[in-house]
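Let's take a friendly walk through this model together. Have your viewer open and follow along as we go.

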Amino acid sequence: MLKDFHFLTNPHRFLFTLSLLLLIGVVLGISLPSNGEINSVQTGPSLTILYSGNTLEEIKPCGCTPEADFGGLLRRGTAIKEVREKAKDILVLDAGGNLKGTSPQGRLKSNLIANGLASMGYDAVIPGENDFAYGTGFFQAEGARGWLASNLRHAKMEFQEIIVKELSWGARVGVIGLVDDRLFDDPSHQGITLTPPEEFLKARLQGLLQENKIDLLILLLHVREPLGKKIFEDFPEINIVITGHTEDPDDEEIKDPIIQKGRGLFFVDNRARRLGQMEVRGIGNEKKISINHAWLPLNESTEDDPSLKPSFQRYKENVKELFLKKSEIKKKQREATPFLASDACTACHEEIVHTWKETRHAHALETLREARQSYDPECLKCHVVGFEKGGYLNDAITPDLGGVQCESCHGPGKEHSKDPSVKYGKLNEETCKECHSKARDPSFSFEPYWERIRHRE
Ligand code: HEC
Ligand code: HEC
Ligand code: HEC
Ligand code: HEC
């Protein structure tokens, strides 16, 4: 008897069996109840909503580990196209947070992302607090549309207050967008005036619903999470609230939506690793709205969007140019470098150097070359010795400092090599985690990893 129910206690079997039952259900045309909804309308036309947010400049995930290989603008392009082909009525929305801050490479990314959003045909996008880092240019890319910020006035450009879409069966959907006034407090926000989100809703919500004859209202928020929850509770007239903004870009938690009778609160996935998808039925006549939700994981089975590839290629060339220019300027550092490269350790630690050469650490720069990203500072950081700490500059100037070498873990070895009695090189697992970080290598654990690369003498 017990044996027959083994699948209940074995999580993999159980999931497998469950998916099999679901598949049979789908084949037989049995529809599933929507999240938390019982008396909902399950038939009739539906509106598909795709949503993203907190992209934080993630154009292409690094591919460092399969567990972290989610998201990226290029895959998102493909996923949106695929869903668009099947859906009659669709809205593609973004809850802001595309950029991270100011840097020359960030500026290159901002161009790529602005063009990407335009080409993916977003219906509504709200700005995040970092999106003004390079002025208003980010919002004015060729083909850009859908920029929305109901409570924001900018001296140099106009954001829309509401975007209305009439669906194929005549129902009307409104999208409004609010940003948190308390996040907009640095010099890049000059020329902006904001009404606090709740104040705006108290003053304008009823008017907007009536003036535009709205059947379903969607609110995009770029606010701290507690405010998002409060707004969802305080304004039941709003059917769908999608909230973005994060205080921790490396936060890996996936927050599932809160779906109640006819409405829902949705949290975007950090770095836009997954695209949220909803099917909304009952909009219009019945006023019995039901919402089904699913995450679309943008993993290696999603190809990069071919129409975004040329601009990504251009971006990579620009990054390379920027990188080479910058490393030439720093060339003088070469003489003053405290790093020696592993050959300098061979004389006294021959066996250790020998075992290290067998590990993937020794080939970490080749890995980047194969990925055609060996000129990207954002990758080099963890794949060479002492990047931006007086070590690796580029292939031509520092050919010996590529890869993860002794000094990547133990620190600069110049003093110790001159005088081995100098205390040197004590480290702990925190050193590993600078590179084997939560975001790049979520399953890192010191003991088994160290076992794989341990020095042998
Ligand atoms: C001239 C010989 C010599 C060279 C060159 C040398 N070491 Fe050492 N190293 C030693 C000796 C001897 C010790 C043991 C010192 C002791 O126990 O006091 C040692 C110890 C160490 C330790 C352990 C330190 C500790 O506190 O436990 C590390 C790590 C280390 N070396 C790394 C390196 C690296 C990396 C390089 C190359 C950049 C290097 N060494 C180059 C001779 C050398
Ligand atoms: C400077 C960044 C950096 C540090 C510090 C670092 N690693 Fe790595 N590690 C990497 C990179 C990059 C790779 C992937 C190399 C590749 O495949 O190209 C890697 C790969 C590995 C692998 C797979 C290698 C293999 O041959 O199977 C193990 C295991 C590993 N690291 C363990 C550790 C441990 C343990 C520490 C700390 C004692 C550590 N790493 C510190 C960057 C780092
Ligand atoms: C924060 C440090 C860090 C950064 C930044 C980083 N990597 Fe890595 N990368 C790692 C580590 C650690 C590993 C090894 C993971 C493991 O095997 O456990 C790795 C492994 C890899 C691998 C090997 C995957 C495999 O198993 O074959 C590729 C490819 C790679 N990285 C590409 C990139 C690219 C491209 C970038 C820049 C977009 C990048 N990395 C940025 C830390 C980093
Ligand atoms: C991935 C990180 C990492 C790299 C790369 C690395 N080491 Fe180590 N090394 C460690 C850790 C971890 C220990 C053990 C902890 C400790 O004693 O500090 C250690 C210990 C040592 C010791 C002390 C003796 C021993 O065997 O425990 C020496 C000497 C040493 N390393 C030399 C080297 C040399 C030389 C290289 C380059 C060929 C190198 N290490 C590369 C992480 C690294």
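A residue is near a molecule or strand if its C-beta atom, placed from the backbone, lies within 6 Å of it. This is a predicted model, where local features need pLDDT of at least 70, side-chain atom pairs count only at pLDDT 80 or more, and totals for chains, interfaces and linings use all residues. Residues are numbered from 1 along each chain as its sequence is written, while chains are lettered from A and ligands numbered from 1 in the order in which they are written.

Start at ligand 4. Of the 18 residues around ligand 4, those that come nearest are Cys345, His349, Trp356, Cys406 and Cys409. Helices (H or I, at least four residues) and strands (E, at least two) are DSSP runs, numbered from the N terminus. At least two shell residues each come from helix 10 (350-357), helix 13 (406-410) and helix 16 (446-453). Helix 13 gives the largest share of the shell, four residues.

Now turn to a pair of helices. Helix 3 (residues 73-86) packs with helix 4 (residues 104-120) at an angle of about 5°, their axes 10 Å apart; axes are lines fitted to C-alpha atoms, for helices over the stretch in contact, and angles run from 0 to 180 degrees between N-to-C directions. Helix 3 and helix 4 are therefore roughly parallel to each other, a label for angles under 35 degrees. Leu73, Arg76, Gly77 and Ile80 of helix 3 make the contact with Ile113, Gly116 and Met120 of helix 4, where contact requires C-beta atoms, placed from the backbone, within 7 Å.

Six strands form an open sheet of mixed pairing, in the order 5-6-8-9-11-10; two strands pair if DSSP finds at least two bridges between them. Strand 5 (163-166) and strand 10 (258-260) stand at the edges with a single partner strand each, so one side of each is left without a neighbour in the sheet. From one strand to the next, the twist averages 15°. Strand 6 (residues 172-179) and strand 8 (residues 216-222) pair in the parallel sense over seven bridges.

Finally, where does Gly177 sit? Gly177 belongs to strand 6. Gly177 is buried, with 31 other C-beta atoms within 10 Å; the cut-off for buried is 20 or more such atoms, again placed from the backbone. Not counting residues up to four places away in sequence, Gly177 touches Ala124, Ile126, Leu148, Ala149, Ser150 and Leu220.

How values were computed: Angles under 35 degrees count as roughly parallel, over 145 as roughly antiparallel, 65 to 115 as roughly perpendicular and the rest as oblique. Two residues are in contact if their C-beta atoms, placed from the backbone, lie within 7 Å. A residue is buried if 20 or more other C-beta atoms lie within 10 Å of its own, exposed if 12 or fewer, and partly exposed in between; C-beta atoms are placed from the backbone.
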